[in-house]
Amino acid sequence: MSTKVTVVKNVLDANDRLAAENRTLFADKKVFVVNLMSSPGAGKTSLLERTIQELQGTWKIGVIEGDIQDTYDADRIAALDIPVVQINTGGACHIDGNMVREALPGLNIDAMDLLFVENVGNLVCPAEFDIGEEMKIMILSTPEGADKPAKYPLMFQSSTALIINKIDLLPYVSFDLEKAKRDALILNPKLLIFEISCKTGDGLKDWTRWLNEQITALASK
Amino acid sequence: MHELSLIQSLLEMVEELGAEKGFQRVGVLRLSFGRLSCVDPQALRFAFDVEAPGTGAAGAELVFDILPGVLYCFACEEERTMTSHELQCPVCGGRQVILTGGTEELKLMELEVD
């Protein structure tokens, strides 16, 4: 004789609980945590390099680098004299709340204002796994095409800001900028959009100025 | 392949529920998720077949409630069920729309247990 048991629970409930604990810890320590997501090659590490150079005079910054394997990205960040911890997910396609928690002892977050978590390059899975961040920021680069919002809605829906990178390539690629922005806003009407080029530096100031304001607001709470 | 992580979390949840509510064998798991959430039903079944043996859910049936993509169309002033991935009203073709459903995350709704 079988019995029905009503549950109605998020399958990632265990991760959500760990992420909530991380979030409480970050709030206690007044660390502003950014979860940076994009597909491989969109420019996460380049954006980090540019952003760190702009903000490291103002804030104490740390980075958690998530990669399936290797330390190329972590080496690039360490070259900026910034504390960095590498998470090798060993094949997993995203970072989860527990991986971030385990990485924290390698960083002195007491002496930190801003922590970037560079997620594994992937437009699907990272959007689902809360890590306790203050905000998710995503990058879409122009060679990837303007169809990405419609194909990967969750990532656009869960991000606070969308950075459209490699705008210096617009003359050479068929990227419908207006369609990309319109579709992204259909998914998430509150989404902030920055158009930048990490190569030329175009638009970077608007992004770093905005981010600086967000960190200042948290620090003065 | 996030379906593997999802199934691992699901099986842990089922074990915890079994201990809490006093059941050992699960016959049916009813799951729900949005069509636009990038969860693939076939990959879920495959991951379940790999991971479930040896647990109380081994051999159980997976039933999916897949929630459709829904757009609110400002021109029609109506919610419309999406019929493709295009972010435009499937009735009037208008692009003054907002996504209101379809990205719901994977939830365990109900179990049938022995």
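**Close-up views of a predicted two-chain model**

**View 1. The loop at E77(B) in a predicted model.** E77(B) sits in the loop that joins β3 (70-73) and β4 (78-81) of chain B. Helices (H or I, at least four residues) and strands (E, at least two) are DSSP runs, numbered from the N terminus. E77(B) counts as exposed because it has 7 C-beta neighbours inside 10 Å. A residue is buried if 20 or more other C-beta atoms lie within 10 Å of its own, exposed if 12 or fewer, and partly exposed in between; C-beta atoms are placed from the backbone. E77(B) and L17(B) are 60 residues apart along the chain, and their C-alpha atoms are separated by 43 Å. Residues are numbered from 1 along each chain as its sequence is written, and chains are lettered from A and ligands numbered from 1 in the order in which they are written. The model is predicted: local features need pLDDT of at least 70, side-chain atom pairs count only at pLDDT 80 or more, and totals for chains, interfaces and linings use all residues.

**View 2. Helix α2(B) and its two faces.** Helix α2 of chain B covers residues 41-51, and L44(B), A47(B) and F48(B) are buried in it. Down the axis of α2(B), the buried residues fall within an arc of 105 degrees, so they line one face of the helix. The arc is that of the directions from the helix axis to the C-beta atoms. An α-helix has 3.6 residues a turn, so residues three or four places apart point the same way. The buried residues of α2(B) pack against α1 and β2 (61-67) of chain B. Exposed Q42(B) and V50(B) are on the face turned away from the buried side of α2(B).

**View 3. The contact between chains A and B.** Chain B gives 32 residues to the contact, and chain A gives 31 residues. Two residues are in contact if their C-beta atoms, placed from the backbone, lie within 7 Å. On the side of chain B that touches chain A, α1 (2-21), β5 (97-101) and β6 (107-113) each supply at least two residues. The largest share of that side, nine residues, comes from α1(B). By class, the side of chain B that touches chain A has 16 nonpolar, seven polar and nine charged residues. Ala, Val, Leu, Ile, Met, Phe, Trp, Tyr, Cys and Pro count as nonpolar, Asp, Glu, Lys and Arg as charged, and the others, Gly among them, as polar.

View 4. Strand β1 (residues 3-10) of chain A pairs with β6(B) in the antiparallel sense, over six bridges. Two strands pair if DSSP finds at least two bridges between them. V5(A) stands opposite L111(B) in β6(B).

**View 5. Chain B as a whole.** Chain B has two helices and six strands. Along the sequence they follow the pattern α-β-α-β-β-β-β-β. The C-alpha trace of chain B spans about 55 × 25 × 15 Å along its principal axes. Of the 114 residues in chain B, 36% are buried. The mean pLDDT (the predictor's confidence in each residue, from 0 to 100) of chain B is 95, and 99% of its residues reach 70 or more. The complex has an ipTM of 0.88 and a pTM of 0.93 from the predictor.
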